[in-house]
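Hi,

Here's the structure I promised to pass on.

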Amino acid sequence: MTTTSSRTQGTLLSGVTLIASGVLAPLIMAFHPTAQGADVAARLTSLTEISSLSRHVHLAMIVCIVALWLSLAHLARRWPGNGWVWAAVRLYALGAVAMLGAALISGFLISDYLQRVQPLIPRAEDALPSVLLAFSANQVLAGFGTLGMLGGIVLWSASMLRQSGRLAIACSAYGMIAGLMCLIGYITGLISLHAPGMTFVVVAQSLWYCLLGLWVVRASQNVTTTTSHDGGRRA
């Protein structure tokens, strides 16, 4: 019984983490800074000025990504033998690693580079080629991360069709519809991964995390209640 209770508590914690991260991620993206300026030099200077906020925002997003990744990995271990979930969690992991790289570049590498190089160059514009290369790397990693994470969500949602209950059906239907729409939008170019487009994708994903987390919490509570009743009868 102790082992069962411990496993249930771990699953419950994963569910709560999914909900908390799903709520926090869009709030964090609301503070995502954007460089402003009339010309290249002004925008590069703006990137340096917003570097502190950018670090904090991206660090918070990194924490959310890791928390979501670990929670889904834990749930996948407890999930009854299901090839869809096995594939989903690994695809999601690939996407999460790529998204972590994108966040590190945007939040840390670019600002650190500008702070180091600007005192050494005669004009701010001279740093533009390297900054553009870093932004390109950010977009490539963010794109791969989006594909991996959304693909994992779609596969996991498909596996939820086997679960009973309205919440499971809602999680499954929403995950497949929203995931496929975001994937199609990104592939066709309707969704870009600059701040507004990335915020849209994060919000779409976050609702799925909350739905899955709510289902996990409810399922864990049902298991706990059943175990308590069985234990009482045995006693």
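By buried I mean a relative accessible area under 20%, with exposed being over 50% and partly exposed lying in between. Keep in mind that this is a predicted model.

With that cut-off, helix α6 has quite a list of buried residues: Leu167, Ala168, Cys171, Ser172, Gly175, Ala178, Gly179, Cys182, Leu183 and Gly185. The helix covers residues 166–187, and its length checks out too: 22 residues at 1.5 Å each should span 32 Å, and the C-alpha atoms at its ends are 31 Å apart, which agrees. Just past the end of α6, Gly189 has a positive phi of about 90°.

Now for the charged pairs. How many salt bridges does the structure hold? There are two.

One joins the side chains of Asp112 and Arg116, at 2.8 Å from N to O. Both sit in helix α4 (residues 83–117), and because they are four residues apart there, about one helical turn separates them. In general, an α-helix has 3.6 residues a turn, so residues three or four places apart point the same way. As for solvent, Asp112 is partly exposed with a relative accessible area of 31%, whereas Arg116 is exposed at 59%.

The other salt bridge pairs the side chains of Asp126 and Arg123, with an N to O distance of 3.1 Å. Here Asp126 is partly exposed, its relative accessible area being 34%.

That's what I have for now.

Cheers

How values were computed:
Residues are numbered from 1 along each chain as its sequence is written. This is a predicted model: local features need pLDDT of at least 70, side-chain atom pairs count only at pLDDT 80 or more; totals for chains, interfaces and linings use all residues. Side-chain values use heavy atoms; hydrogens and water are left out. A salt bridge is a side-chain nitrogen of Lys or Arg within 4 Å of a carboxyl oxygen of Asp or Glu. Helices (H or I, at least four residues) and strands (E, at least two) are DSSP runs, numbered from the N terminus. Buried means under 20% relative accessible area, exposed over 50%, partly exposed in between (1.4 Å probe, protein chains only). The expected span of a helix is 1.5 Å times one less than its number of residues.
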